[in-house]
Amino acid sequence: MVVLRVHHLFVWELPARMSSHTACRYSVSGRPNVWINNKVIEEIAFLCDGDGRVALNCLQMAVQSQIQKNEVDTTEYSPTIIDVDCVKESLERSCILYDKKGEEHYNCASALQKSIRGSDPDAALYWMARMLEGGEDPLFIARRLVRTASEDIGLADPLALTQAVAAFQATNFIGKPECDVILAQCAVYLARAPKSVEVYSAYTKAKQCILEHRGPLPSVPLHLRNATTGLMKSLVIVIIIVVVVVIIIISTIIMIVIILIITIIICISIIIIIIIIIILFIIIII
């Protein structure tokens, strides 16, 4: 499999590429019938954000739009003049470099989350606007905000997750383009909120413990298992009763042993005292 990677062009490289393409495409019998102002080439070069394909598509849209307006001309080689005003009429907005299914899609999403993580609301709004104006699905951004609220803020502000979920529901309910302010509000809230990765780090360690465990995993303790049947419930009750009885028996034995030891000690003490008294009595008599 061969993978072709298309690199962006610099702004100053685009006019030459567009001019050569236009000269080959829009000509009749060797004589051009479309005249394009150099300022138009420069304007489109800045609007396309370094994407040559987008630049050529924008130029083609402007040319075709102007040609349709001049179809009433009777002269076969009457030139069609393209100026900056024609481009502005054909294009409602500038061509934003954004691939919803490519690398730029994930780059912008990562930039949005890292801006929130860095507590920079202005940067978060910039990257969000770039994604929305580039045609991104608002629900994708809303899901990303929900993840960010739990991963980067967590227990430092439990209401952040509530805000993110509410933003997702509102976005799903109202749709675009009206949902942009809802998402912007949520992004600013998350960026200004205190940050904590305590839960995320703890779960990562727990997951790592499971993945790195060697051998079979330990079984679930009986007191934590789900007693789904009557037999299991009876078994658990019997085990608990047996454990209680064993504990009582062991405690009783220990108490008896302690009492016996104390009794023996008392008896020995009494015997020693009696012996001492007898010895003293004998000494006094002698």
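Which residue just after α8 takes a positive phi? Gly 175 does, at about 75 degrees. Hello everyone, and one thing before I go on: this is a predicted model.

Let's stay with helix α8 for a moment. It covers residues 159-174, and with 16 residues at 1.5 Å a residue it should span 22 Å. The C-alpha atoms at its ends are 22 Å apart, which agrees with that. Now for the way α8 sits. Its buried residues are Ala 160, Ala 164, Ala 167 and Thr 171. If you look down the axis of α8, the buried residues fall within an arc of 60 degrees, so they line one face of the helix. Turn to the other side of α8 and you find Leu 159, Gln 169, Asn 172 and Phe 173, which are exposed. And what lies over the buried residues? The cover includes α7, residues 138-153, and α9, residues 180-192.

Setting aside residues up to four places away in sequence, Thr 171 touches Pro 138, Leu 139, Cys 179, Ile 182 and Leu 183.

Leu 183 brings us to the largest nonpolar core. That core has 23 residues, and the members touching the most others are Leu 112, Met 128, Met 131, Ile 141, Leu 145, Leu 183 and Leu 190. Where do the residues come from? At least two are supplied by each of α5 (103-117), α6 (121-133), α7, α8 and α9. The biggest giver is α7, with six residues. For a closer look, pick Ile 141: leaving out neighbours within four places in sequence, Ile 141 is in contact with Leu 112, Met 128, Met 131, Leu 132, Glu 136 and Leu 183. There is also a second, separate core of 13 residues, and Ile 44, Ala 62, Cys 86 and Val 87 are among them.

On to α5, which has 15 residues. From its first C-alpha to its last it reaches 21 Å, close to the 21 Å expected at 1.5 Å a residue. The buried residues here are His 105, Cys 108, Ala 109, Ala 111, Leu 112, Gln 113, Ser 115 and Ile 116. Their cover includes α6, α7 and α9. Just after α5 there is another positive phi, about 60 degrees, at Ser 119.

Cys 108 has 0% relative accessibility, so it counts as buried. Cys 267, at 39%, counts as partly exposed.

Last stop, the aromatics. The count comes to one aromatic pair. Tyr 126 and Trp 127 form that pair, and the arrangement is edge-to-face, with 4.9 Å centre to centre and 75 degrees between the planes.

Conventions: Residues numbered from 1 in each chain as written. Predicted model: local features only at pLDDT ≥ 70, side-chain atom pairs only at ≥ 80, totals over all residues. Heavy atoms only, no water. Helix = DSSP H or I, 4+ residues; strand = E, 2+ residues; numbered from the N terminus. Expected span 1.5 Å × (residues − 1). Buried < 20%, exposed > 50% of the residue type's maximum accessible area, 1.4 Å probe, protein only. Arc of directions from axis to C-beta. Contact = heavy atoms within 4.5 Å. Core = buried A, V, L, I, M, F, W, Y, C linked by side-chain atoms within 4.5 Å. Phe/Tyr/Trp six-rings, centres within 6.5 Å; stacked < 30°, edge-to-face > 60°.
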